[in-house]
Structures are given as C-alpha cells and as structure tokens.
Amino acid sequence: MKPELEIFDTGHLWFASKMVEEGLIDAPPLFQLCMGIPYGAPADPGLLQAMVRLLPAGAQWASFAIGRDQMPWVAQSVLLGGHVRVGLEDNLYLARGVKATNGQLVERAVRIVGDLGATVAPPDRAREILGLKERVRA
C-alpha cells in the first residue's frame, strides 16, 4: 500500500516534500496535484508547471482539475510528464448537460493520452512505476 499525497496548494507540497526528505514516505512518493478546488491552487497551467518543478527527485505524480477543466487537465498532466486522474468525483459531465459515467470519462482520457503520443500503463506496469508490490492472484 502507498499513500497518495493529495496536494491542494504549494504549502501542502512543501510539507509533503519535507516528509519525503525525512524518510517518512517510502520511495517513490506519489503526489496528486489537485487543481481548481475553491481556496486551493487554481487550475492554471503555469502554476502546475511550477509545482511539478518543486517535486522531490524521483517522485511520481498525477494531477487533475475539477469540472469542465478535467479533460484539458489530462493533456496538461501528460505534456508535463505526469500521470492523469479522471472520474465522477471531480466531474459529472461529458459535455454541458450530458451526464457521464466513469467509464466514459476514462475512455475520453485514454483517447487524449493517445492523441498526445503517450500510452496508458497496464495494471502490472502501473504497479511497477509506483513501486507497489506485485498483485497476488488467486
């Protein structure tokens, strides 16, 4: 099991990085940069880039933005070398007035990732990237 360090602002990033530095979080740390949440970091590409530059060496990271910024943020994450997150927790719609399912959001994100020339890691590769133990199959 690995903690996901959810970062809502630069102060959170500083604190989580300090925990990594002090050895309280196993390598590689997993940061989730949460953008566009009220009173947190705005969904600004320049701010995301700055936050990525502040991550500890070797950190794995993903980012997301809420609502209508969710899919453009898939592209932002990929373009900066990170992983992506989508789902109904952060966005309920495929388009204005068109409710989504998690599956539809994932399918759209996969298409965006592919259109940008990147690939989606299968589960075993994702576990390897994140430094997780191999899944025990029954």
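Modeller: Contact here means heavy atoms within 4.5 Å. This is a predicted model, where local features need pLDDT of at least 70, side-chain atom pairs count only at pLDDT 80 or more, and totals for chains, interfaces and linings use all residues. Residues are numbered from 1 along each chain as its sequence is written, and side-chain values use heavy atoms, with hydrogens and water left out.

Colleague: Is Trp 61 buried or exposed?

Modeller: Trp 61 is buried, with a relative accessible area of 5%. Buried means under 20% relative accessible area, exposed over 50%, and partly exposed in between (1.4 Å probe, protein chains only).

Colleague: And where does Trp 61 lie?

Modeller: In strand S3. Helices (H or I, at least four residues) and strands (E, at least two) are DSSP runs, numbered from the N terminus.

Colleague: Switching to helix H2, which residues are buried there?

Modeller: Leu 48, Met 51 and Val 52 are buried in H2, which covers residues 45-53. Seen down the axis of H2, the buried residues fall within an arc of 100 degrees, so they line one face of the helix. That arc is taken from the directions from the helix axis to the C-beta atoms.

Colleague: What do they pack against?

Modeller: The buried residues of H2 pack against strands S1 (4-7), S2 (30-35) and S3 (60-65), plus helices H1 (10-21) and H3 (70-79).

Colleague: New topic: how much space lies in the largest pocket?

Modeller: About 590 Å³. On a 1 Å grid over the protein atoms alone, a pocket is an open set of points where a 1.4 Å probe fits, with protein on both sides within 12 Å along at least five of seven lines; lining residues have an atom within 4 Å of a point. The volume is the space filled by probe spheres set on the points, which are joined across faces, edges and corners.

Colleague: Which residues are closest to its centre?

Modeller: Of the 21 residues that line the largest pocket, His 83, Val 84, Arg 85, Val 120 and Ala 121 are the closest to its centre. H4 gives the most to that lining, with 4 residues.
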